[in-house]
Amino acid sequence: MAQVAETLPGRAVRHAVVVGANGGIGRALCETLACRHPGIVLSRLAREPVGLPELVAKTSDIACDITSEASIADAVAQISPEYPPDQIWIATGWLHDGRHRPEKTWKELDAEHLLHAYRINAVGPALLLKHLLPRLAKSHPARIGVLSARVGSISDNRLGGWHSYRASKAALNMLIRNFAIELQRRNLPHVIVGLQPGTTDTPLSAPFQRRLPAGQLQTPAFTAQHLVEVVEHLQPSDSGGLFDFLGEPFAP
Ligand SMILES: NC(=O)c1ccc[n+]([C@@H]2O[C@H](COP(=O)([O-])OP(=O)(O)OC[C@H]3O[C@@H](n4cnc5c(N)ncnc54)[C@H](OP(=O)(O)O)[C@@H]3O)[C@@H](O)[C@H]2O)c1
């Protein structure tokens, strides 16, 4: 991605929506945006918004479970109409929990595991976008960053395994591309991309950090600062693409 003068018209960032605001990367994104854009209003969507940290920015904290379209619709209806969002961040995601760990072999495939991953990593973000896109100003380009993962790249897959996570992120990447195409067809100026944050020290990566080469584990603050930099330099032609935290594109 060329780090040159933007072709998207600039405007102060007055309102950003962050979904997954209680996650490791989601929280750090909120902190970064609050420091970077004085005067911003942050709509923070989380399953448990009570207890989200206070920030230097004005926040509006809204409950949202992305496995329920009714919860998504209800949450989006509560987003302040004062300013249409200039940025949307979808920082939700699921890899493991007390019952499920990423599969090492097809022998471990389980329908409930696969469907849970699809529900959170692909279906949830798509339904969020369905409800959030009508809230954007038609004439002003918004920037939309959706947290994906490089392991969802089919062309980059040389190791196999992690079936549910990989397949659900690949589905997410297809949906992001589809949204980009439809936005363009509808003459809507918004730019949407999928993002690979780099391995970041959060509950999602915690069980898999031991074998990482020294120095490769990023803090959430480092990741968030880089992702914001990437998204705020996107060009219209980037829409539908996948980018890592350094702004380098990668193939789906
Ligand atoms: N960390 C990494 O190394 C890494 C690497 C590659 C890609 N990613 C991607 O980056 C994104 C953020 O991950 P993270 O590392 O910040 O993980 P995290 O700390 O586990 O955060 C995940 C977030 O997803 C939310 N979430 C899960 N299920 C939800 C649901 N049904 N409704 C609403 N929210 C739900 C969680 O909400 P609760 O707080 O309520 O549980 C949490 O806020 C994910 O898409 C992940 O795949 C991360």
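## Helix H3 against helix H4

H3 crosses H4 in the right-handed sense. The model is a predicted one. Helix H3 covers residues 111-132 and helix H4 covers residues 163-185; the two pack at about 20 degrees, and their axes are 8 Å apart. Angles under 35 degrees count as roughly parallel, so H3 is roughly parallel to H4.

On the H3 side, the contact is made by His113, Leu114, Ala117, Tyr118, Asn121, Ala122, Pro125, Ala126 and Leu129. H4 supplies Ser164, Tyr165, Ser168, Lys169, Ala171, Leu172, Leu175 and Phe179. By class, the residues of this contact of H3 with H4 are 12 nonpolar, 4 polar and 1 charged.

## Helix H2 against helix H3

H3 also meets helix H2, residues 69-77: the two axes come within 10 Å and cross at roughly 35 degrees. The crossing of H2 and H3 is right-handed.

Glu69, Ile72, Ala73 and Val76 of H2 make the contact with Leu127, Leu128, His131 and Leu132 of H3. The contact of H2 with H3 has 6 nonpolar residues, 1 polar and 1 charged.

## Helix H1 against helix H5

H1 and helix H5 (residues 220-232) pack with their axes 8 Å apart, at an angle of about 60 degrees. H1 is therefore oblique to H5. H1 passes H5 in a right-handed crossing.

From H1, the residues in contact are Gly24, Ile25, Arg27, Ala28, Leu29, Glu31, Thr32, Leu33 and Arg36. Their partners in H5 are Pro220, Ala221, Thr223, Ala224, Gln225, Leu227 and Val228. The contact of H1 with H5 divides into 9 nonpolar, 4 polar and 3 charged residues.

## The sheet

Seven strands form an open sheet with parallel pairing, in the order S3-S2-S1-S4-S5-S6-S7. Strand S3 (58-63) and strand S7 (242-244) are the edge strands, and each pairs on one side only. From one strand to the next, the twist averages 20 degrees.

Within this sheet, strand S1 (residues 15-19) pairs with strand S2 (residues 41-46) in the parallel sense, over 5 bridges. Val17 stands opposite Ser43 in S2.

## Helices on the sheet

Which strands does H3 lie across? H3 lies across S1, strand S4 (87-90) and strand S5 (143-147), and runs at about 160 degrees to S4.

H5 packs on the sheet as well, where H5 touches S4, S5, strand S6 (191-196) and S7. The direction of H5 makes about 140 degrees with that of S5.

## Around the ligand

How many residues surround the ligand? The shell has 27 residues, and the closest are Gly23, Arg47, Gly93, Thr202 and Leu204. By class, the shell consists of 12 nonpolar, 12 polar and 3 charged residues.

Helix H1 (residues 24-36) provides the largest share of the shell, 3 residues.

Terms used
Residues numbered from 1 in each chain as written. Predicted model: local features only at pLDDT ≥ 70, side-chain atom pairs only at ≥ 80, totals over all residues. Near = placed C-beta within 6 Å. Helix = DSSP H or I, 4+ residues; strand = E, 2+ residues; numbered from the N terminus. Nonpolar A, V, L, I, M, F, W, Y, C, P; charged D, E, K, R; others polar. Axes fitted to C-alpha atoms, helices over the stretch in contact; angles between N-to-C directions. Parallel < 35°, antiparallel > 145°, perpendicular 65-115°, else oblique. Left-handed = near helix turned anticlockwise from the far one by under 90°. Contact = placed C-beta atoms within 7 Å. Pairing = 2+ DSSP bridges.
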